[in-house]
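Welcome! Keep the structure open beside you as you read this short briefing, and try to find each part as it comes up.

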Amino acid sequence: MNVTAWTFVLVGLSFALYIGVAIWSRAGTTGEFYVAGGNIPPAVNGLATAADWMSAASFISMAGLISYMGRDGTVYLMGWTGGYVLLALLLAPYLRKFGKYTVPDFVGDRYYSNVARVVAVICAIFISFTYVAGQMRGVGIVFSRFLDVDINTGVIIGMGIVFFYAVLGGMKGITYTQVAQYCVLIFAYMVPAFFISFMMTDMPIPQLGFGSELADGSGMTLLEKLDNLSTELGFDPYTDGRKSTLDVFFITAALMVGTAGLPHVLVRFYTVPRVKDARSSAGWALLFIALLYTTAPAISAFARTNILTTVADMPYAEAPAWFTNWEDIGLITFDDKNGDGIVQYRGPHATDTENELDIDKDIIVMANPEIAKLPAWVVGLVAAGALAAALSTAAGLLLVISSSVAHDLLKKTFKPEITEHQELLTARIAAGVAVVIAGYFGINPPGFVAQVVAFAFGLAAASFFPVMVLGIFWKRMNKYGAICGMITGISFTAAYIIFFKFVSPELNSAEHWFMGISPEGIGTLGMLINIVVSVVVSLTTPEPPEEIQQFVENIRVPADAGEAHELSA
Amino acid sequence: MDQQSRRLYWRKNLQYLAILLTFWFVVSFGCGILFVDYLDQFRFGGFGLGFWFAQQGAIYFFVLQIIIYVFLMNRLDRKFGVDEKGDAQ
């Protein structure tokens, strides 16, 4: 069987699995729709959180980005894992004790204010739409490359699948499909990594192979060889940093804090039965995520070495099939500037000749098995894994949008008199509408999808995180502080990013940035501003009412956590 | 639970957080970013030590920290009699 046939079989089987799971775990009540009835065991919730969190960006793009960034790639590796420590220690157990349905629920109740609730809803919806458009785009790319269908048809098939289980199953359906999707995606990520690590270093475990001697008899370690190759071709050595220390610090912090403030991740901690389960399920989630995140930098180094040895100074006529396949859909471009028929791949410091090759970073993970000449079924498996990563995240985000509309806006703010049945129907309609809008953005991506990801993290870092942490750890924090803090944090961060990304992109370089902090890292400063404003405003306005101080006392202690929700409220 | 033991419970919780978050900061921002060049002069297997912390080590320590946190808090809950009864279903 060839690659396309294997891909059809593996993708088809995985889709059938998700649909089967969704039918088996339909939601019947709002409690099941929003928080899966609040009785998901912690390890299962950890699996679901891992799939929820790891998106097309983690699966498809990250290793490729790192292979170009070298050591600086750590901003993603630490940034997208370290946030779980903050989640586990500062947020998850207290949110579980609070025990409602959504993140705006917590903000609205703790700050006794519907204004605060609505500000939170707007942030949640904006962050989620930004993300989900990127996932749909990822689905389209996988379909078009591996299944020879049009990108638009691919997006529509993806929409159909997500629509089916998110609308039908709500949080309960999503949770169990995410467990299945985690298994598919981690298997798909690890199998090629084991193969390649074993082929290149005789050590099958990629985390160790990454630091081992090469099997080619040269006596060099992988990283020494990679540093040498990079320098020879005029690139910076792989294990050196290129960004300023301050910028790496700020970007890492923004991604960590942003992770801990993302609504689709936070909401998962409402689904476990007890406070102690919320703590341990954050640990399970990070363990499952770490499996992929410690493999990713190894894949980056292996792939980079393979690419540099394969394509640098390769005669174009002898280009392998994967090279021409990706060239056909425009993700590899070769321009034979000196007309010698040889592909010259050179870095910015090269002096002998011009660079003639451009490889899109997003293809590294998907092309890696083909570059390493692995069997066809492994290539098909990677396609199924990429789809699992994109669909699981899309579903979690759509649920946040749907619950924000049906629960926070309709039930809690504008029409409190609706019945549970009507609320559930609204939630399903909202999920359906959100799928269609997300699909539209997937087919007609705004040119800035990739850039807006930084935006979403910055916003989450500068808005939700300080308000939630201060709400738990500082009783004196009141609604005035929270509202002013969220608004200044968001406005500052948004203004900085919009200025450098959209208004004056020509100024987007280190010498124009404030203190050398890139737009990706500015959320950290936005968060600090939010904290200062919240504290100053809270101290100069009346303290919160007695019952709110009681409320804070109450969420700090686990006993009597009670049910996750009022079942028919 | 009376006012006095509530306060004691919370203070102990904050102590654990202070220690664990300091450790969190040291392994990630410390070893992986601020002192990465200094640590790179030491070898760890085929890695420079700083590079290893930045791309592998910090993540292992994150997992370890949550495990320690869960253990400490479960013990604290039992000591103050605020651990929740019943099984995860």
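A:D202 sits in the loop between helix 8 and helix 9 (206-209) of chain A. Although A:D202 is not a glycine, its phi is positive, at about 65 degrees. Keep in mind that this is a predicted model.

**Loops and backbone angles**

- Most residues other than glycine have a negative phi.
- Is A:D202 buried or exposed? A:D202 counts as exposed, because it has 12 C-beta neighbours inside 10 Å.
- A:K373 also deserves a look: it is not a glycine, yet it has a positive phi of about 60 degrees.
- You will find A:K373 in the loop between helix 15 and helix 16 of chain A.
- Because 13 other C-beta atoms lie within 10 Å, A:K373 is partly exposed.
- A:Y112, which follows helix 6 of chain A, has a positive phi near 35 degrees.

**Helix 15 and helix 16 of chain A**

- Helix 15 (residues 364-371) and helix 16 (residues 376-414) of chain A pack with their axes 9 Å apart, at an angle of about 170 degrees.
- Therefore helix 15 of chain A is roughly antiparallel to helix 16 of chain A, since angles over 145 degrees are described that way.
- From helix 15 of chain A, the residues at this meeting are A:V365, A:M366, A:P369 and A:E370; from helix 16 of chain A, they are A:V378, A:V379, A:V382 and A:A386.
- Sorted by class, this contact between helix 15 and helix 16 of chain A has seven nonpolar residues, one charged residue and no polar ones.

**Helix 6 of chain A**

- Helix 6 of chain A (residues 103-110) is mostly covered, with seven of its eight residues buried.
- Which residues of helix 6 of chain A are buried? They are A:V103, A:P104, A:D105, A:F106, A:V107, A:G108 and A:R110.
- The cover over these buried residues of helix 6 includes helix 5, helix 7, helix 12 (263-266), helix 16, helix 19 (464-473) and helix 22 (546-555) of chain A.

- A:V167 belongs to helix 8 (residues 151-201) of chain A.
- A:V167 counts as buried because it has 24 C-beta neighbours inside 10 Å.
- Not counting residues up to four places away in sequence, A:V167 touches A:R428, A:A431 and A:G432.
- From C-alpha to C-alpha, A:V167 and A:D352 are 58 Å apart in space, and they are 185 residues apart in sequence.
- A:G37 is in the loop between helix 2 (30-35) and helix 3 (42-53) of chain A.
- With 23 other C-beta atoms within 10 Å, A:G37 is buried.
- Leaving aside neighbours within four places in sequence, A:G37 is in contact with A:G31, A:E32 and A:K172.
- A:G37 and A:F551 are 514 residues apart in sequence, and their C-alpha atoms are 23 Å apart in space.

**The domains of chain A**

- Chain A is divided into domain 1 (3-308 + 370-555) and domain 2 (309-359).
- Taken over C-alpha atoms, the centres of domain 1 and domain 2 of chain A are separated by 34 Å.
- Twelve residues from domain 1 of chain A and twelve residues from domain 2 of chain A take part in the contact.
- On the domain 1 side, helix 7 (114-146), helix 13 (275-311) and helix 15 of chain A are the elements that give two or more residues.
- Helix 13 of chain A gives the largest share of that side, four residues.
- The residues on the domain 1 side divide into six nonpolar, four polar and two charged.

- Where does helix 1 (residues 3-34) of chain B bend? Helix 1 of chain B bends at B:V26, by about 30 degrees.
- Buried residues in helix 1 of chain B are B:Y9, B:W24, B:V27, B:S28, B:C31, B:G32 and B:I33.
- These buried residues of helix 1 of chain B pack against helix 5 (74-98) and helix 11 (245-260) of chain A, together with helix 2 (36-39) and helix 3 (49-79) of chain B.
- Between the chains, 39 residues of chain B are in contact with 47 residues of chain A.
- On the chain B side, the elements giving two or more residues are helix 1, strand 2 (47-48) and helix 3 of chain B.
- Helix 3 of chain B supplies the largest share of this side, 16 residues.
- By class, the side of chain B that touches chain A has 25 nonpolar, ten polar and four charged residues.

Methods:
Residues are numbered from 1 along each chain as its sequence is written. Chains are lettered from A and ligands numbered from 1 in the order in which they are written. This is a predicted model: local features need pLDDT of at least 70, side-chain atom pairs count only at pLDDT 80 or more; totals for chains, interfaces and linings use all residues. Axes are lines fitted to C-alpha atoms, for helices over the stretch in contact, and angles run from 0 to 180 degrees between N-to-C directions. Angles under 35 degrees count as roughly parallel, over 145 as roughly antiparallel, 65 to 115 as roughly perpendicular and the rest as oblique. Two residues are in contact if their C-beta atoms, placed from the backbone, lie within 7 Å. Ala, Val, Leu, Ile, Met, Phe, Trp, Tyr, Cys and Pro count as nonpolar, Asp, Glu, Lys and Arg as charged, and the others, Gly among them, as polar. The bend at a residue is the angle between axes fitted to the seven residues ending there and the seven starting there. A residue is buried if 20 or more other C-beta atoms lie within 10 Å of its own, exposed if 12 or fewer, and partly exposed in between; C-beta atoms are placed from the backbone. Domain bounds come from an automatic or database domain assignment.
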